[in-house]
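Please look over the sequence and the model shown below before reading on.

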Amino acid sequence: MKKFFINFGNAVMVFYKTITSIFTKRIEWDTTLEQIVKIGNESLPLVILCGAFTGMVFALQVGETSISIFNEPIYIGLSLAYSLVLELGPVLTSLVVTGRAGAAMTAEIGTMKVTEQIDALYTLGSEPISYIFVPRFIAFFVSLPILVLFADCSGILGGLVVAKLKLGYPISKYWEEIRTLGISTFSHGILKSFVFALLIVWIACYNGIETKGGAEGVGKATTKSVVVSMVFILVTDYFLTSLLLSFGIV
Amino acid sequence: MIQLKNVHKNFEGKPVLRGLNLEIYDGEIITIIGASGAGKSVLFKNIVGLMKPDSGEIIVDGVDITKLDEDELHKVQTKFGMLFQGAALFDSLNVYENVAFGLRRLTNMNEVQIKRKVAELLEVVNLSGTQNLPVSALSGGMKKRVGLARALATSPKYLLYDEPTTGLDPILADSINKLIVKVNKQLKVTSIVVTHDMKSGFEISHRIAFLSDGVIKETGTPDEIKNSKLEELRKFISLYFQ
Ligand SMILES: Nc1ncnc2c1ncn2[C@@H]1O[C@H](COP(=O)(O)OP(=O)(O)O)[C@@H](O)[C@H]1O
Ligand SMILES: [Mg+2]
């Protein structure tokens with residue numbers, strides 16, 4: 001328990017230092033850009049795939065349920081759009097990105113730690129906060145919301161395909177329902193993804209830099225990073241949603 | 001000059017350094033000898049400020065680095081170059097970017113100057129033309145030499161070599177030893193070496209310090225160390241000279 005609080009305190013310090021460093025020190029833009037490309041490369045195909053199938057299964061479920069109750073499919077586009085944009089898009093994308101880019105990030109930083117590459121930074125005019133953390137924080141902050149938009153779109157398209165081909169739902173009706181989505185609904189999902197982005201990259205970086213004990217330690221740190229990140233995303237999602245709702249961002 | 005005064009360092013209750021005292025003079029080559037696990041690497045990391053001792057003073061050019069805040073410490077750290085035991089090259093960068101790393105951050109050189117300097121440094125370590133190789137393509141010996149080029153790049157005042165020749169064949173080891181001497185002579189770099197290669201340690205060093213039980217038990221010129229009356233040290237040396 002004491003260890004948990006020490007860890008948490010250190011993690012908060014690292015977060016604070018990273019954020020101050022973004023505003024007070026020179027930013028390594030090359031590395032930042034590299035990271036954005038890397039996160040995109042690693043996660044975009046997965047995110048699109050998961051988004052599409054989530055949309056598809058959702059359309060199927062809503063369609064079949066409404067058929068069994070009302071004898072016809074109704075509100076497929078509407079229920080799909082809201083669930084995707086508000087919840088499934090940001091949350092599922094964050095979970096997928098945690099497993100892919102987050103895990104890779106912890107493993108990379110952990111390897112740098114146990115092979116003394118982190119130590120080497122200090123005598124070469126750098127240190128982990130500005131060379132490792134800052135670029136990755138910015139990269140995640142920029143990338144995740146974009147990935148979420150991709151997931152939203154592929155989910156809506158996936159849903160459309162199933163609604164039309166499998167349930168004979170009219171395309172025009174589907175689009176009409178989608179168009180009721182307001183800017184506030186979108187911002188709800190995107191705001192959440194900004195917070196999740198910081199959560200994922202923070203946990204990934206911190207677990208990486210705290211890695212101890214060789215290759216085995218890197219494996220452990222990576223698993224820990226993924227598990228902690230997933231739990232935090234789901235728990236934070238509830239409280240964040242309540243907060244946004246209380247501000248009327250629905 | 002670097003002065004270590006009564007330095008203690010524990011890891012989870014296990015003492016590694018127990019009141020260590022040592023002075024390192026400007027311009028000398030000093031070799032630290034001691035058994036594996038004696039704490040030589042830990043000593044290095046304390047000197048460079050990568051680890052903070054539990055107590056004691058580490059005075060670099062008159063400044064106790066254990067009392068500095070992060071930014072101040074970071075400035076002092078640029079006086080050091082370190083060749084790590086495992087080379088610690090950045091494996092996401094190629095050879096060129098590894099050697100250029102410190103130049104980009106600690107000097108005002110433009111790309112043309114950096115290019116020239118990197119080529120020069122790679123020539124010094126006998127690795128001309130390897131600029132574009134990824135770190136994964138290098139052998140252990142090549143990694144050490146790139147690590148040395150990277151450490152030399154920013155012209156540090158103090159260079160710490162952690163087992164620079166371990167795992168290298170004798171010819172390569174000899175060339176590294178010659179390099180250490182050359183760097184020390186030509187660039188007046190104070191050199192602190194950890195090695196298990198006793199023979200060359202005695203050849204290249206001005207002074208030798210014996211680390212055991214967390215303290216420096218003996219220091220002296222190679223001749224003084226060879227003729228030391230300390231039983232433990234005599235045993236240690238004879239083991240290596242068999
Ligand atoms: N970061 C660390 N955490 C815990 N123990 C450490 C750490 N670094 C070194 N040690 C311990 O300190 C002792 C000395 O290690 P080291 O300085 O690497 O020895 P050597 O003289 O062979 O270089 C070893 O017992 C090692 O296990
Ligand atoms: Mg060592």
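This is a predicted model: local features need pLDDT of at least 70, side-chain atom pairs count only at pLDDT 80 or more; totals for chains, interfaces and linings use all residues.

Ser41(B) belongs to helix α1 (residues 40-47) of chain B, while Gln85(B) sits in the loop between β6 (80-83) and α3 (95-106) of chain B, so the pair ties together parts that are 44 residues apart in sequence. Gln85(B) is partly exposed, its relative accessible area being 34%.

Turning to the interface, 19 residues of chain A are in contact with 24 residues of chain B, and the area buried between the two chains is about 1800 Å², of which carbon and sulfur atoms give 56%. Of the area that chain A buries against chain B, 35% is supplied by Glu116(A), Thr123(A) and Leu124(A), more than by any other three residues.

Between chain A and chain B there are five salt bridges, and one that can be located in the model joins Asp119(A) to Lys45(B), with the closest N and O atoms 3.5 Å apart. The count of residue pairs in polar contact between chain A and chain B, with both residues at pLDDT 80 or more, is six.

On the side of chain A that touches chain B, α3 (76-114) and α4 (117-123) of chain A each supply at least two residues, and α4(A) gives the most, with six residues.

Methods:
Residues are numbered from 1 along each chain as its sequence is written. Chains are lettered from A and ligands numbered from 1 in the order in which they are written. Side-chain values use heavy atoms; hydrogens and water are left out. Contact means heavy atoms within 4.5 Å. Buried area is the accessible area (1.4 Å probe) that two parts lose on being put together, summed over both. A salt bridge is a side-chain nitrogen of Lys or Arg within 4 Å of a carboxyl oxygen of Asp or Glu. A polar contact is a pair of N or O atoms within 3.5 Å; within protein, one must be able to donate a hydrogen and the other to accept it, and residues adjacent in sequence count only if both atoms are side-chain atoms. Helices (H or I, at least four residues) and strands (E, at least two) are DSSP runs, numbered from the N terminus. Buried means under 20% relative accessible area, exposed over 50%, partly exposed in between (1.4 Å probe, protein chains only).
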